[in-house]
Amino acid sequence: MLDLIWLLPAFPLAGFLILAFTGGGLPKPVVATVGAGSIGLAFIVAALSSYEFLSSGQTSFQLTLWEWMAAGDFSSAFSFYLDGLTVVMILVISGVGFLIHLYSTGYMSDDPGYSRFFAYMNLFVAAMLVLVLADNLVLLYLGWEGVGLCSYLLIGFWYENPANGYAARKAFVVTRVGDTSMALGLFLLFTQLGTLNIQELMHNAGQQWQVGSGMAVAASLLLLGGAVGKSAQLPLQTWLPDAMAGPTPISALIHAATMVTAGVYLIARTHLLFELAPTVQSLVAWVGLITLLMAGFTALTQHDIKRILAYSTISQIGYMFLGLGVGAWSAAVFHLMTHAFFKALLFLAAGSVILSLHHEQSIFKMGGLRKHLPVSFWSFIVGSAALTALPLTSGYFSKDEILLAALESGGSGTLLWLGGVIGALFTAIYSFRLVFVVFFGECHHPAKEVSGWNMTAPLVVLGVLALLGGWIHIPVDAVFSHGEMAHEEAHPSLFIHALMIAIPIIGVGISYLFFCSRTWSAEKLVQSGLGAALHKFWFSGWGMDRLYQAVFVTPFVSLARLNRKDIIDLLIGLLVTLTSQANRLLVRTQTGYLRWYAASVMAGVIILIAIGALL
Amino acid sequence: METAITIQDLVPLLPVLVVTGVAVLAMLLIALKRNHTLIGATTIIGLGLALITAFLVLPFAGQQVTPLLMIDNFSLFFTIVILLAAGFIAVFSFPYLYHLKDEVEEYYLLLLIATIGALIMVSSNHFLSAFLGLETLSISLYAMIAYPLHSKEAVKFPVEASLKYLVLSAVSSALILFGIALLYAQTGSLQFTELAMTGGSVADGYFITALVLLFAGVGFKLSLAPFHMWTPDVYEGAPLPATMYLATVGKAAMMVLLLRFVVASQALSFHSVVVVIGCMAVLSILAGNLLALVQENLKRILAYSSIAHMGYLLIALIALDDASTRLGVEAISFYLIAYIVMSLGAFGVATVISSSEKEFDFVADYQGLFWREPWLALLLTAMLLSLAGIPLTVGFIGKFYVVLAGVEGSLWGLLLVLVVGSGISIYYYLRIVYRMLLQPQLDQAYREAGWDSIGSYAVLALLLALLLLLGVYPGFLMSIIEVVSVSI
């Protein structure tokens, strides 16, 4: 079975090829079967091979398909690598991916681009699987760029609206900054360590570089650049809220569950490198903390249901970065998984709400939907509980692990922990703000649930996973065994435990007082001077868009205006003029007169003899 | 020196003898009964027979037949190439001439006689046979170019083209003869190798003058600048099959002869001769490509393009100067075959839609060809891309070997010109492809494809297959060329 893991990306790829080359000519049931079925098959392969891998007791498995390219010392193979971390990733990608595909067969059923949608989705899953299965960084980069492309295509899926195209471009360009940094990192690693095979790379790095050496810092910084781009962390987080322009299942699959966590995967995959550069590693933690706080505050002020979830995603990935930064590798991966469950659940439930209200996305135009949309309501309750990390939900276990690891990491760990706890408080407030505003209070628009079984079933399964996912033990011990000894010993005091259980509940309480019982008025808070300013500032995402506009976009655009005539083009134009002038000159010699031709032959002979005689 | 011809001498000459026999047979048949199909079939079958005998006499290769002809692997290789090309052209000629309201049978006679001349040329290592072969070829061509004499609509100026070619070709033959005479006066021999033996003993200036005269005459036949001006006029004026013959067989035979002469005589040991050929190469590449730039007549474009291609070949010829002789010979041999395939294909597409009644030789006539005749448009596109040297085609491999030979010889300046010229050439090749993709102008009535064109389409398909096959797996042909080029 393990030799067949190549089928894992092959099924979705085949689905993409079928859908792409039939060009929308297939009937919808066939499209749905091919689109969702290919991912279902991939999940079966993933489940069987994971089972076999885990029961065999191996720590890793490698499968080389063929040599991809070779030039000089460099060679790269199409080669897959399976270990505990990969097992988690492929199960999440194909499992959650399948549920979202199934949901999409209902959600997108009225869309004219049905077939195109599933073609892109399948291509995305194939690329994402290549990314996590890759044995070397070049193949990983192929998957990395592949998911970026699909993300671009799917954000701009409804391309008739120029705003969607703009959002897609923004996502593409901003992540490209990170991708460039990552490519530079790859070049650096290859020139320094002579290989791009991840395992060899980690081994060679450990041999050749001292802890804290300049090269290790540079290489891990460059990789971190790629990770923050893909995972929408500071300073490259600005693209993700706009990426919500795509259909909601896309937001669930790409911009919540899988692609945006690729940065977390990359760092976890190359964690040995980050351990060689402790300064960069603590930078990862601080990036995570600042991002999670900023995004948390912003989520509090948004009123578009998908943007709230988008900022929440940024914030939760911040937690994962925080975990990575304090060396809690497996906790970060654990949170990646539970986040995939509950955030996919929230997005899909949000999709159901949006669809029931005919594409209304502002939460203040919703309200009192508890009775009308029971499935969505309960999905939101479960999902928000997990997001808030209420006890015994999946989010509680994973977030707890990260925060405890931060506390125990020493140094500035206490500060990181404190920040994380404050973030958790705000998480509780903004997620239940969403629940209370949308599902309680007055009902503005009576709505009817529009879901067949194919939309309800994924919600139920994801709901169960979001509730109980915390009991899953992820098999990554062997992968991270060298880094985590310290945490096993520590026992935090009872007070800490109690505080961490209490904080989310307090948050929910605050949220209740503000947004459900209306005991406290959020409006008054926002109208006061400082409150209004803060609200405006947070609502704009801390002014990052305006900052980038002023620092990068405007100067670039004015530079482009300045060069409207294009200096390079002028040079090339000169070449054209030169050529056509030469042509005009030569054409004159083609007179058609025999006497002229004969004369030119004789003149040519004389000149050539002269040249021959003189030289 | 033994000059009597024995039976053993006749065996390697069999291909030439077969073609001669077929020519005589065709003449007798015409006298008995004029029948286009019969004569056409006789010609094609006769050329096929000659081809078979060329394969059969391969074991007898390496024989000097009289002091005049050298039948070795190399000459037999090009005998095969020329017989194939001549056969293909005969196939293309048949439907083209089918509707000509005139006597058409003698055309095949001329084609056969021209082929005899070309076969003699590729086997010569003596000035006498070389000149005889050249004149046999040329004189037949004068008549072939003027052939649709009485047809009013047909081609525009066949007589004018023929006359221009006749006069200028006579001038160039005179130059060649003068060069030969000067060489003979010094060395007392007409053998190519004689020059190499007596080289150093005579004043250089004398030899150089003789060689430049010789190269000027040959340059005219190969349409090299500055002796190129006749090319577009003659190409345009001649009927398509004759143009095709002139462009492929005529040039290839001349180039093989030149190659043999240069290798045998070591003419390139004179530095100034190298300079003169280098000048001709640069001028040909630039003039050919620049002149084709805005040209609207397909035949003229191909004429200019052939000027440039012959210029590329000269680079490989100059590379012979270096110790790495073999590479230059191989590059020229491969390029010639590539050139024949692409030219036959490009002219062939024009031939199958044209007839002696009406020729389609303006680029505008091909506008929208892609929508009307997708396969023909695809074929022409492939041929043009190959002429431009785009990878996966035989033209790319050919150019690659020429560049390789140039690099081995460190001819950086000439290679730069080649690159510039190739860059310019892409414009006018792609311009035709672009026009084929535009909306069609439906007022152009191409010739209906009847039973008489089946052969032409088969040959076109074969040419396309060769173009791609040799473009992807050149190793097969190259290994043959490596073997045969040892003998010169």
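Guide: A disulfide is taken here as a pair of cysteine sulfur atoms within 2.5 Å, and by this rule the count over all chains is 0. This is a predicted model, in which local features need pLDDT of at least 70 and side-chain atom pairs count only at pLDDT 80 or more, while totals for chains, interfaces and linings use all residues. Residues are numbered from 1 along each chain as its sequence is written, chains are lettered from A and ligands numbered from 1 in the order in which they are written, and side-chain values use heavy atoms, with hydrogens and water left out.

A:Cys150 is buried, at 0%, whereas B:Cys279 is partly exposed, with a relative accessibility of 25%. Of the 615 residues of chain A, 57% count as buried.

The largest core has 204 residues, and B:Tyr245 and B:Leu317 have the most contacts inside it. Helix H14 of chain B, residues 325-353, gives the most to this core, with 20 residues; helices (H or I, at least four residues) and strands (E, at least two) are DSSP runs numbered from the N terminus. With contact meaning heavy atoms within 4.5 Å, and leaving out residues up to four places away in sequence, B:Leu317 touches B:Met255, B:Leu258, B:Leu259, B:Val262, B:Leu268, B:Ile277 and B:Ile332. A second, separate core of 188 residues includes A:Phe274, A:Val284, A:Phe341 and A:Leu355.

Helix H14 of chain B also holds B:Ala331, which is buried with a relative accessible area of 0%. Apart from neighbours within four places in sequence, B:Ala331 is in contact with B:Ala316, B:Tyr401, B:Val402 and B:Ala405.

A:Phe157 is buried at 0%, whereas A:Trp158 is partly exposed at 25%. A:Phe297 and A:Phe426 also form an edge-to-face pair, with 4.5 Å from centre to centre and 90° between the planes. This pair links distant parts of the chain, 129 residues apart, with A:Phe297 in helix H13 (residues 278-301) and A:Phe426 in helix H18 (residues 413-439) of chain A. Both partners are buried, A:Phe297 at 15% and A:Phe426 at 18%.

One aromatic cluster is formed by A:Phe377, A:Trp378, A:Phe380, A:Phe432, A:Phe436, A:Phe439, A:Phe440 and A:Tyr512. Finally, a charge sits over a ring if NZ of Lys or CZ of Arg is within 6 Å of the ring centre and within 35 degrees of the ring normal. A:Arg116 lies in this way over the face of A:Phe157, at 4.2 Å from the ring centre, and B:Lys358 lies over the face of B:Phe360, at 5.4 Å.

Definitions and conventions
Buried < 20%, exposed > 50% of the residue type's maximum accessible area, 1.4 Å probe, protein only. Phe/Tyr/Trp six-rings, centres within 6.5 Å; stacked < 30°, edge-to-face > 60°. Core = buried A, V, L, I, M, F, W, Y, C linked by side-chain atoms within 4.5 Å.
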